[in-house]
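Dear colleague,

I am handing over the structure below, and I would be glad if you could look through it with the notes that follow.

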Amino acid sequence: MTNTEQDRWSRVKGRLRTSVGEDVYTSWFARMDLEGVQDEAVHLSVPTRFLKSWIQAHYADRVLTCWQAEMPEVHRIDLTVRSAMRSTAPAKDTAAPADQRRVEQANGRPAAELRATATAPVSASHDALGGSPLDPRLTFASFVIGRSNTLAHAAARQVAEGRRGDPVMFNPLYIHAGVGLGKTHLLQAVTWAGNSGGERKVLYLTAEKFMYGFVAALKTQTALAFKEALRGIDVLVIDDLQFLQGKSTQAEFCHTLNALIDAGRQVVIAADRPPSDLESLDDRVRSRLAGGLVVEMGSLGEDLRLGILKSRVAAARAHHATFDVPEAVLDYLARTITHNGRDLEGAINRLLAHSKLNNQPVTLEMAEREVRDLIRPQEPKRIKIEDIQRVVARQYNVSRSDLLSSRRTANVVRPRQVAMYLAKTLTLRSLPEIGRRFGGRDHTTVLHAVRKIEALVARDTALSEEVESLKRQLQE
């Protein structure tokens, strides 16, 4: 390598260090060498296959951009593994743990130093581990607590505040809720808080990113390194588990889940429904998920919606000091926008944009005009028989398959009859159709169940209240 090439390589490394941050650079690029520049291509080498595959998958474009800033004629980066004679470490996948220890050392700085550098190094370290993107706004400080999410918040907080070596109270922690109710906010808050402590590695992945990482590792023959990297995590956080597809990917997720739990590592998972309803998942995975703490985040009550609106206004005021939303407008929005937190945030963004662009104060009349499409008509919810079976099964602590089975034990017969009764009263399905949806039963069986529950409700106050509670859950 000529002196000119050496000087250019030094400048490229400086650009790369500035671009990715010191932690990421130390973890993945400190042992990258320049072999030469030839025919519009830069030839680089690293000591292990693991480093090669990771850089190619996550940083190839970044490296090329840094080189093109020095040499615009460069159009390709060729990355190879150095021979054992030149390498400072064995050129094989078993070198992966050493690379991971470098990340651990980078993450293991004192908490005070981490706080001083705010969230940027935390995010950089997380990115270096291959995590999904984190939103710096989604922290515990910005999470608004209400009756529907108190337990989920407390459980997530307990996980985030744990320390390496502490006994795990519940594993996995499984949070489920509908769209826009705060699942992702809680999971990212766990990641931010856990990594800010400095002593643990907390990795946030969407199910899609997990699948992509596993498939990419198989293609590049680095599956072993991928598995070792994941199983070295202290807290693994998986979002949107309902999107996990493919037999081999699910099998690998199951093995990773078992390995982490058996090693006393924490797993946190979120999905849009409980484990028993994730019918695309293998039975073993569902069983392991159900063995931890399963927490549902319910719909947002009016008080919670008002709290979210006030929080969003305060956040907007940090950048726009004159922005103000009158109390009457906030009350109106909390009362009429009922579906999810994203609609509430969208409403505040619209009022902010209208106020700033038109230089007008926020008024109730403006709010009514600007957010009218977010106010969805309060039509009776269309209830599905599957929803009834799911809610009833959860209420009576049985499985949906129990309701469809031929079992005649008392703890199954009563919930099955209640579910049939609700299917008849809350849907437009015929008795034969309901029978078919309950394991192929005859319509006379459904009619008997409906009449039985009608008679019991008339004289049993406790059962009547149970049935009304189930109706409310289904109609929310």
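The helices and strands named in this message are DSSP runs, counted from the N terminus, where a helix has at least four residues and a strand at least two. With that numbering, Asn397 sits in the loop that joins helix 18 (385-396) to helix 19 (400-404), and its phi is near 60 degrees, a positive value in a residue other than glycine. Asn397 counts as exposed because its relative accessibility is 72%, the cut-off for exposed being over 50%.

Please keep in mind throughout that this is a predicted model. Where pLDDT is low, the predicted coordinates should not be read in detail.

As for the overall make-up, the chain contains 23 helices and eight strands, and 47% of its 476 residues count as buried. Among the contacts between residues at least 6 apart in sequence, 75% join residues that are at least 24 apart.

In helix 4 (residues 60-70), the buried residues are Val63, Leu64, Cys66, Trp67 and Glu70; seen down the axis, they fall within an arc of 160 degrees, so they line one face of the helix. Asp61 and Thr65, by contrast, are exposed on the other side of helix 4. The cover over the buried residues of helix 4 includes helix 1 (3-20), together with strand 1 (33-38), strand 2 (41-46) and strand 3 (76-81).

In helix 8 (150-160), the buried residues are Ala152, His153, Ala155, Ala156, Val159 and Ala160, and these cover an arc of only 165 degrees around the axis, which puts them on the same side of helix 8. An α-helix has 3.6 residues a turn, so residues three or four places apart point the same way. What lies over the buried residues of helix 8 includes strand 4, helix 9, strand 6, strand 7 (266-271) and strand 8 (293-296).

The loops on either side of helix 8 each hold a residue that deserves a look. In the loop between helix 7 (120-128) and helix 8 lies Asn149, which is buried because its relative accessible area is 3%, the cut-off being under 20%; leaving out residues up to four places away in sequence, Asn149 touches Phe143, Val144, Met297 and Leu304.

Asp240 belongs to the loop between strand 6 (235-239) and helix 12 (247-262), and it counts as partly exposed, at 23% relative accessibility.

Helix 9 (183-196), helix 14 (302-317) and helix 16 (341-358) are the elements that give two or more residues to the lining, with helix 16 supplying the largest share, six residues. By type, the lining residues divide into 11 nonpolar, 13 polar and seven charged.

From C-alpha to C-alpha, Lys356 and Phe323 are 8.1 Å apart in space, while 33 residues separate them in sequence. Lys356 is partly exposed, with a relative accessible area of 37%.

With best regards

Technical notes. Residues numbered from 1 in each chain as written. Predicted model: local features only at pLDDT ≥ 70, side-chain atom pairs only at ≥ 80, totals over all residues. Heavy atoms only, no water. Nonpolar A, V, L, I, M, F, W, Y, C, P; charged D, E, K, R; others polar. Buried < 20%, exposed > 50% of the residue type's maximum accessible area, 1.4 Å probe, protein only. Arc of directions from axis to C-beta. Contact = heavy atoms within 4.5 Å.
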